[in-house]
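Let's take a friendly walk through one protein model, looking at charged pairs and at one strand with its neighbours. Please have the sequence and the 3D view open as you read.

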Amino acid sequence: MRILVLALRRIAWMPPTLLGLIAIVFTISRIIPADPARVIAGENASPAQVEALRQKFGLDLPLMQQFMRYLRDIVNGDLGISLYSQRPVVEDLLGRLAATFELAIAAMCLAIMIGVPLGVVSALHRNRWLDQVIRLATMAGLAMAAFWLAILLQLFFSMTLGVTPVQGRIDGWGPDQITGFYTIDALINGDGETFGKALRYLILPTATLAIPAAATIVRFTRAGVLNALSSNFVFYQTAMGLPRRTIIWKYILRSAFIGTLTQIGLVFGNLLAGAVVIETVFSWPGLGLFAYNSILQSDYNAIMAFTLFTGSVFIVVNLLIDIAQTLLDPRTR
Amino acid sequence: MTGKFPPLTINRRAALAGLSATGLVGMHSPAFAARQKFVTANNNPYDLLDPHQLFDIGRIAVRLNMYDALTRWVDNPPRLENWLIEKVTISPDGKVYTFVIKQNVKFHDGTVMTSADVVYSMERILALKKGAYGLFKDVIEPGTTKALDPRTVQFTLTKPFAVFMAVLSELWVVNSALVKKNEKNGDWGADWLSKSEAGSGGYALRRYDPAIGFQTARFEGHFAGWGKNPIDDAEFRGVLETATRVLGVMKGEFNTTDGYLPAEQMARMKENPNIKTWEAESIRTFYFIINHWKAPLNDVNMRKAVCYAFDYDGFNNKILSGTVVRNNGIIPNPMWGAPKDLQGYTYDLDKAKYHLSQVKNVRPLQIGAMAGYPQSEQAAQMLQAGCAKIGLEVKIVSEPYTTIAPKLNDRERAHDLIPLWRSAYFADPHNWTGFLFNSSNFDAGNASYYKNPRVDELCNKALIITDQDQRRVMYEEVSRILVEDAAGIFINNTKFHGAFTKNVKSIRFCPIGDAQDVRWIEMQG
């Protein structure tokens, strides 16, 4: 019951949070001195032609009127028409959703699989050489610029070793769409060859996204485990003669993971934001590439829709994390 | 490439109809395992397929490969071919053009192209007011284009327009019946055609994903026929990151990419044994727009001072490593109308100082460089350095093109100087002279706000007469006047540096299209 109340309370906060988000992004996108109507019309266009486009897209209206119009459309489920593709933005977003989610989820899984064990190991070997090496590696992971890391990985794995493709999501056009996740669709279709190909294309972008995320998870897991190690319940369980392995993996990790879980919610948001760079470098046809392109073209509606969408995902993921945290930690109920 | 093709998605119905009409559906069989496939990595996304909404070189592959126009540019220097036209008649006053279109030109769904399709295409451009609309708006009124019989179409211009045949290369003919069937709320089928095709071009759309690009298959029934060893499948992918495109070609994931890469990337490609490069002088001039509207640049001495303060040799040969060619005027060297003996400015600080000393009320100048275009930013820095040596302060503001573009046609907000390219949309000197420097084009194409009655007179006259030799003389005079007036800082003409995988045997380069017309490409193995 408490979980339901918590969820409802969080959901009730969603509209004002999103409204604030829309207001900020809308204002920023409209006050920058770019003129999408001029860019769409092209350099050979006359002023009348530009003005006609401006009127068509409502860009000639006062800012507040444009904002109210936009809000009204959102309530009606209309995120507008892309100024460039001339298609509903929702259509363009949905077409790219699966690619980004497949990448982000793969990166998240990889980051957790690397980050949590390394965090535990680092804490258990506190201040010894293994801990120092892991801490150094996590600092490097956090400090490296994503685009630089991406190019390094491309040069080494694709060009020198030749084991991974340089870019793209698959050779050709991918399997028949069911979920939109190429790996899963290939498995459903029983197409092992395509599954293998999809995995090969996933490796580099996933690794690039996962490395900084894993570094964050290592640091928080390590801090959580260290905190738990010095707590009374561990002292008590040790005195009771419980095996060290049981204490670590059953009690300490559970306690430490509560803090890490909150971070995972934030990290997932960062993965979506980080996808803008990674998808551009790897030409991964997802939301990040869409956002990058929309920014270059001053496609207001597309930028707003992307921000709104990722904001909503971020809020939902954090809601789920809160619920999971409540389930894991009885003190919060 | 295996013989297994994924099923069609967006354009399933239209493509299936077209493919069955041409026998292309058979390619699902394993017999097609050895089809020649050519993959292009483009620096622009293919977010739109409508040929009447597109008008840029970046996405020209859509138009060139899936559509046909009445005329077409080929080779270098560009030559205008009567493409869909069998016969043309021009009235003595140069205002009525009557065309007979070729027999048995078929669209991808098997429908025969008629003059009604040409009429519909022109009306569509005029109604949508996008893409190539700017080329036709001043000379063709809606409703005046007539289909005289199924193969004869007549255009009545509001005034003589010597470049009409040249700009017809942007009148891409769509299958009117198919588009009309997909019209919604009087949108001229804009929504549908943004993700489908209704063309007759050499390649028919098979799959389209705005996030990736588009895939086409050769249209066996194309009216122009095919050579001995044509490409069977052509794929066009939008890959925004330059380094990724270069690595992709080096690894063989793509067969080619854009031909205007930065010098250091081109050097990498040239060193790679798996790549062959083609070099050709293009018709894309790089110059500084000078804003003549605001003092002190309305003074010819001030303009000459900045022209003499730019290190042309240093920029073209050192910074750009000789990947471009010095172009003394605005018309590209290979283009007719560019005087062969034209004397341009040189880097001469003494002369620059002299002209600066003749200017009253000198103020610091501002250059609007295009962020993300290294050449534009480097040229700005080079001019800044030269001006500093003559005691002229110059400030550089780097802005994305989307920010610079609106200022181009706003005389008060425009930067003093803007380094940028003038690409070729049609190969006629008007593209570089009348369009850019005729005062009737203020706030539209003349972003310099340059005005010279003699230039206006010559440009206007050259648009009325059709004799090329007479026009050549006029444009040569315009070129000389523009240099004498220091109307802009004319720096170089771009070279096309095409990088292709070794198995590409031949290409047929035309600056209008940048070798993206796949029908002319041959591969081996």
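## A predicted model and its salt bridges

Please keep in mind that this is a predicted model. Side chains of opposite charge can pair when their charged atoms come close. Searching the whole structure over all chains turns up 37 salt bridges.

## A link across the sequence

One of the pairs to look up is B:Asp75 with B:Arg508, whose side chains form a salt bridge at 2.7 Å, N to O. B:Asp75 sits in the loop between strands S2 (71–74) and S3 (79–82) of chain B, while B:Arg508 sits in the loop between S18 (504–506) and S19 (522–523) of chain B, so this pair ties together parts that are 433 residues apart in sequence. B:Arg508 is partly exposed, at 28% relative accessibility.

## A pair within one helix

Which helix holds both B:Glu457 and B:Lys461? Both belong to helix H16 of chain B (residues 453–464), where they are four residues apart, about one turn of the helix.

Elsewhere, salt bridges with shared partners join B:Asp75, B:Arg79, B:Glu81 and B:Arg508 into one network.

## A buried arginine and its partner

B:Arg218 and B:Glu220 also meet through their side chains, in a salt bridge of 3.2 Å, N to O. Are these two residues buried or exposed? B:Arg218 is buried, because its relative accessible area of 11% falls under the 20% cut-off. B:Glu220, at 46% relative accessibility, counts as partly exposed.

## A covered strand

Now turn to strand S1 of chain B, residues 37–42, which is mostly covered, with six of its six residues buried. Both faces of S1(B) are covered. On one side the buried residues are B:Lys37, B:Val39 and B:Ala41, and on the other they are B:Phe38, B:Thr40 and B:Asn42.

What does S1(B) pair with? Strand S10 of chain B (residues 233–238) runs parallel to S1(B), and the two pair over six bridges. In that pairing, B:Val39 is opposite B:Glu235 of S10(B). S1(B) also pairs in the parallel sense with strand S11 of chain B (residues 256–257), over two bridges. There, B:Thr40 has B:Thr256 of S11(B) as its bridge partner.

Conventions:
Residues are numbered from 1 along each chain as its sequence is written. Chains are lettered from A and ligands numbered from 1 in the order in which they are written. This is a predicted model: local features need pLDDT of at least 70, side-chain atom pairs count only at pLDDT 80 or more; totals for chains, interfaces and linings use all residues. Side-chain values use heavy atoms; hydrogens and water are left out. A salt bridge is a side-chain nitrogen of Lys or Arg within 4 Å of a carboxyl oxygen of Asp or Glu. Buried means under 20% relative accessible area, exposed over 50%, partly exposed in between (1.4 Å probe, protein chains only). Two strands pair if DSSP finds at least two bridges between them.
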